[in-house]
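Visitor: Please show me the structure, and then take me through it by question and answer.

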Amino acid sequence: MAKVLMKGNEAIAESGIRAGGLCYFCYPITPQSEVAEYLSRRMPEVGGAFLQGESEVAVSNMLYGAAGAGVRCWTTSSSPGISLMMEALSYIAAAELPCVIVNIVRAGPGLGGILPSQGDYRQAVKGGGHGDYRCLVYAPSSVQEAVDLMPLAFDRADRYRNPVLIIGDGMIGQMMEPVEFREQEFPSLPEKNWATDGCKGRKPNVVNSLYLNPVEEEQLNRKLGEKYARMERDEVMFEEFNTGKPYRALFVAYGTTARICKTAIKKLAEEGIDVALLRPITLFPFPSERLNELAEPAEFLLSVEMSMGQMLEDIRLATCCRKPVHFYGRQGGLVPSPEEVADEVKRLLGSAKGDR
Amino acid sequence: MQTEAVFAGFGGQGVMLAGMVLAETGMNLGREVVWLPSYGPEMRGGTANCTVIIADEPIASPIVLHPRDIVAMNRPSLEKFCGLMRPGGYVVVNKSLIAVDPDRDDVRVVNVEANRIAIEAGSAKSANMVILGAYVGATGVVPYEALVETAQTVLKKKPKLIPVNLKCLEQGFELGKQARAD
Amino acid sequence: MQTIFKRPEALAVQPTHYCPGCTHGIAHRLIAEAIDELGLRERTVGIAPVGCSVLAFNYFNFDFQQASHGRAPAVATGIKRGRPDLVVFTYQGDGDLASIGMAEIIHAANRGEKFTVVFINNAIYGMTGGQMAPTTMPGQVTSTSPFGRKTDDVGFPIRMCELLSSLRTPAFIERVSLSSPKHIIRARKAILKAFRYQSEGRGFSFVECLSTCPTNWGVTPLKALEWLEEHMMPYYPVQNFKDFEPATPEGGKDAD
Ligand SMILES: Cc1ncc(C[n+]2csc(CCOP(=O)(O)OP(=O)(O)O)c2C)c(N)n1
Ligand code: SF4
């Protein structure tokens, strides 16, 4: 198929449809309303369901309902809207329902601003809602990757019976890049014999997250824990850049900031400074193992984020602080430039010398 | 090889579309492209701009602090971006609306009366195509034929507008080419 | 020399960010005039919603809080219950009040919270770029109802005044229009009365202002006013729905 030039938000919308996400609920919020606008036109063409709900609280519970009835369903929103979905997300995870939630993150906290940010890392990766649950979290860094991750997200949601988050930032949503909608093959999925889709010929099914018996609740928690452990074993995805030759420092960055680091790496190479990059594609599970290996030859690690340093904590945990882990970031909707990031590396290399 | 151009002007001057046509042309030629709009509070009625990157290798950062080229449709845009561009780049200035000259002597200036040319060609709204033509004429960043082909497909749904827009593209292109030769 | 027109003291000296021809500005002025007339400025607290009027705190010259989307009535309840001596009002759009904030507005009204609500019904989501609102007219094209609002799919527009007047507690409910000088004078009176009732300690007061959004309706400001009168006013009758004293502790008067 020929490539088409598409805005991230519209490409995500189209890819969601092609991945079989024919049931979509939404509530408008910048910078991702184009997904809803695109689908309001496109869904009728493919016979899918499009509904603008009265709030994100409602939308997330519509997902609970549709997913519980065995329907491939999804939504897109941005930070304040995602916060309102946290209660339902906890219920969805507890009831082990598959759905996909895309967060085109904007600057916060509070109403914040509408410009790009990565301030929702912790909310996405560590929970956000109450209780002991996790979501599989993907972080695309290009429009093409966002397109490619949609079918994977739906497949993994069904396979694990778990909510899957895709987090991009305003830039991924608003930027146009050439994309190709490639067919992806997945092994067949188990039948949704748990869904509440009519009990003809079977015992009634119940979708529920209430366990008053502590032993049963513990069993659920353990079962979920095992599922998350399987994700950590099987689902880790990352990209390496410039790791094939010796390097002095290692960037760790995801999404848009990873691309900025790549340009910074090229600029630094021109000055004879070799730096590499590890770009997590899954934020949970975090690529801890590979990070440890790549950290080994580096003098230090530098986490570059559009936040005050949230992934930073996971990098420190993964490497057990065996190497210095530094942070460089911009906040509030400002995006670090490759020049700033390169300068930070030079500054750190300089001061490291001074320390000796 | 990578070129970056910022197309900037008032909302409604068609700078976003001009940038899109350029990006799409690059894509049709099999090159890597990014089109990044400014979005935010300024969207409402104010200024608009987009960055178009065309490259031979995958494009890393979509954010460019110092673009090579600037296409300015109005004075605030020229003033905002001219200081940022790299030495040796092209700045295309819409002389119909910008009375001043760029205050730099290390960049190549292409002056185009985009609004006048567009009005004379019969469509005041097509000043964006004049300036796009001039940019391509001056920089040669994509072949002219490819640009025309893309413009035709983009305007496919409004066939009546094709001839006047192509005329605008062409006149801009000729002016740009001359400026390059000068 | 006689002054016949001046900026109300309750209005800040500050140009607004509203689009040309938007009626948000008129509503702001009417509120400021009412507050000045009643001498309430120094004990008034406004609640800004999430919507085009999110920056309303810049345009008024008294205290303000900014609430999360739809929750202004809960925020106002908090203030009023904690400090009954303050004069409190929320200023909310139709997305904010009639969609995401439906629960908060109904419960605040039903409890008879003693604050004032100025509800701006422009039949669309302005701030986010023209998506469908619960108040969008049947057949009206918006960016999320590209084929026009289909009532068999998403129902008919919600009439908030009618809905709230089915509750017994509210003290004052009126719908006005900002479409012409004649209507604006009526709107001014309604807003004044709502604030007067509040300052007299009567119950919940609610004024719905039929408004325009020329930008997202995609028409000129003048055409927008015509469209409001032709399409919205027949469906949203401009009238008083409720105007009475609240029930006294003894059970008292009950106007149902
Ligand atoms: C929780 C949450 N969801 C969505 C949004 C995005 N949002 C901002 S304003 C708005 C609606 C504005 O429409 P309306 O209330 O009708 O006011 P208007 O802009 O028309 O004055 C929405 C949905 C948000 N800020 N927070
Ligand atoms: S978008 Fe609509 S409601 Fe918002 S300021 Fe403009 S005209 Fe007014």
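Visitor: Which polar backbone atom lies 2.8 Å from an oxygen atom of ligand 1?
Guide: This is a predicted model, where local features need pLDDT of at least 70, side-chain atom pairs count only at pLDDT 80 or more, and totals for chains, interfaces and linings use all residues. Residues are numbered from 1 along each chain as its sequence is written, chains are lettered from A and ligands numbered from 1 in the order in which they are written, and side-chain values use heavy atoms, without hydrogens or water. A polar contact here is a pair of N or O atoms within 3.5 Å. At 2.8 Å from the ligand oxygen, the atom asked for belongs to C:Cys52.

Visitor: How much of ligand 1 does the protein bury?
Guide: Accessible areas come from the Shrake-Rupley method with a 1.4 Å probe. Ligand 1 taken alone exposes 590 Å², and the share of this that the protein buries is 97%.

Visitor: Between which chains does ligand 1 lie?
Guide: A polar side-chain atom of A:Glu56 lies 2.5 Å from a nitrogen atom of ligand 1. A backbone N or O atom of C:Gly95 lies 2.9 Å from an oxygen atom of the ligand. The ligand lies between chains A and C.

Visitor: Which element gives the largest share of the shell around ligand 1?
Guide: A residue is near the ligand if one of its heavy atoms lies within 4 Å of it, and 22 residues surround ligand 1. Helices (H or I, at least four residues) are DSSP runs, numbered from the N terminus. The largest share of the shell, 3 residues, comes from H3(C).

Visitor: Why does the radius of gyration of chain A agree with a compact globule?
Guide: The radius is taken over C-alpha atoms, and the globule rule is 2.2 Å times the number of residues to the power 0.38. With 356 residues, a compact globule would have a radius near 21 Å, so chain A agrees with its own value of 21 Å.

Visitor: How many of the 9 residues of helix H5 of chain A are buried?
Guide: Buried means under 20% relative accessible area (1.4 Å probe, protein chains only). In chain A, 59% of the 356 residues are buried. Among the buried residues of H5(A) are A:Met86, A:Leu89 and A:Ile92. Helix H5, residues 86-94, is mostly covered, and its buried residues number 7.

Visitor: Which residue takes a positive phi just after H5(A)?
Guide: The place to look is just after the helix, where phi is about 55°. The residue is A:Glu96.

Technical notes:
A polar contact is a pair of N or O atoms within 3.5 Å; within protein, one must be able to donate a hydrogen and the other to accept it, and residues adjacent in sequence count only if both atoms are side-chain atoms. Helices (H or I, at least four residues) and strands (E, at least two) are DSSP runs, numbered from the N terminus. Buried means under 20% relative accessible area, exposed over 50%, partly exposed in between (1.4 Å probe, protein chains only).
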